[in-house]
Amino acid sequence: MVIILGGILSGVFTATESAAIAVVWSFFVTMFIYRDYKWRDLPKLMHRTVRTISIVMILIGFAASFGYVMTLMQIPAKITTTFLTLSDNRYVILMCINVMLLLLGAVMDMAPLILILTPLLLPVISGIGVDPVHF
C-alpha cells in the first residue's frame, strides 16, 4: 500500500507503474523474505495465473463483442427511451439503475458487466443530465 499510494501521490510513477512495482515487491517478499514458495513451484504458479487471466480476458472479449452487437441493433436507444419514459426525476432513474446494477452484479463479473452496460446506460445518464465521469 505504501508503494502504490506513496508512488502515485509523490508523482514518482503512475498507477500502472505502481502496480507493476508492487507486484515485483510482493514477488521479492514471497520468495526471499517469507519463503512461502520454492523456485520449483514457480511454473505451477505461473500456470495458475495465466489460466485465471485467460478466463477473465475471454469474458471481456465476449462482453465487448456483445456490447458491439447490441449497439448495432440500437438497443441502447430503446433502453434510453424506456428509462426516460419511466420518470422525469433524475434521482428515480438513478435509483432504478442502481437496483438493476445490484441485481446484475450479483450474478455477473464486474468487468464484463461494465463493458456490456456502459454503451447501454451512457445515453440514459446523458439524457438526464448526469456527468458521465461521475456516473
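The structure discussed here is a predicted model.

Helix H4, residues 75-86, and helix H5, residues 90-105, pack at an angle of about 125°, and H4 and H5 are therefore oblique to each other. On the H4 side the contact is made by Phe83, Leu84 and Leu86, and on the H5 side by Ile93, Cys96, Ile97 and Met100. By class, this contact of H4 with H5 has seven nonpolar residues, with no polar and no charged ones.

| Helix pair | Angle | Distance between axes |
|---|---|---|
| H3 and H6 | about 15° | 8 Å |
| H4 and H5 | about 125° | 9 Å |
| H5 and H6 | about 170° | 13 Å |

With an angle of about 170° between them, H5 and H6 are therefore roughly antiparallel to each other. Their contact brings Ile93, Ile97, Met100, Leu101, Leu104 and Gly105 of H5 against Leu113, Leu117, Leu121, Val124 and Ile125 of H6. The residues of this contact of H5 with H6 divide into 10 nonpolar, one polar and no charged.

Helix H6, residues 110-127, also packs with helix H3, residues 42-72, at an angle of about 15°, which makes H3 roughly parallel to H6. The crossing of H3 and H6 is right-handed. In H3, the residues Leu59, Ile60, Ala63, Ala64, Phe66, Met70 and Thr71 meet Ala111, Pro112, Leu115, Ile116, Pro119 and Leu120 in H6. In the contact of H3 with H6 there are 12 nonpolar residues, one polar residue and no charged residue.

H6 also contributes to the largest pocket, whose lining draws its largest share, seven residues, from this helix. The space in the largest pocket is about 230 Å³, and its lining consists of Leu101, Met110, Leu113, Ile114, Leu117, Thr118, Leu121, Leu122, Pro132 and Phe135. By class, the lining of the largest pocket divides into nine nonpolar residues, one polar residue and no charged residue. Leu101, Leu113, Leu117 and Leu121, which are among the residues lining the largest pocket, also take part in the contact of H5 with H6.

Key
Residues numbered from 1 in each chain as written. Predicted model: local features only at pLDDT ≥ 70, side-chain atom pairs only at ≥ 80, totals over all residues. Heavy atoms only, no water. Axes fitted to C-alpha atoms, helices over the stretch in contact; angles between N-to-C directions. Helix = DSSP H or I, 4+ residues; strand = E, 2+ residues; numbered from the N terminus. Parallel < 35°, antiparallel > 145°, perpendicular 65-115°, else oblique. Left-handed = near helix turned anticlockwise from the far one by under 90°. Contact = heavy atoms within 4.5 Å. Nonpolar A, V, L, I, M, F, W, Y, C, P; charged D, E, K, R; others polar. 1 Å grid on protein atoms, 1.4 Å probe; cavity = no way out; pocket = protein on both sides within 12 Å on 5 of 7 lines; lining within 4 Å. Points joined across faces, edges and corners; volume = space filled by probe spheres on them.
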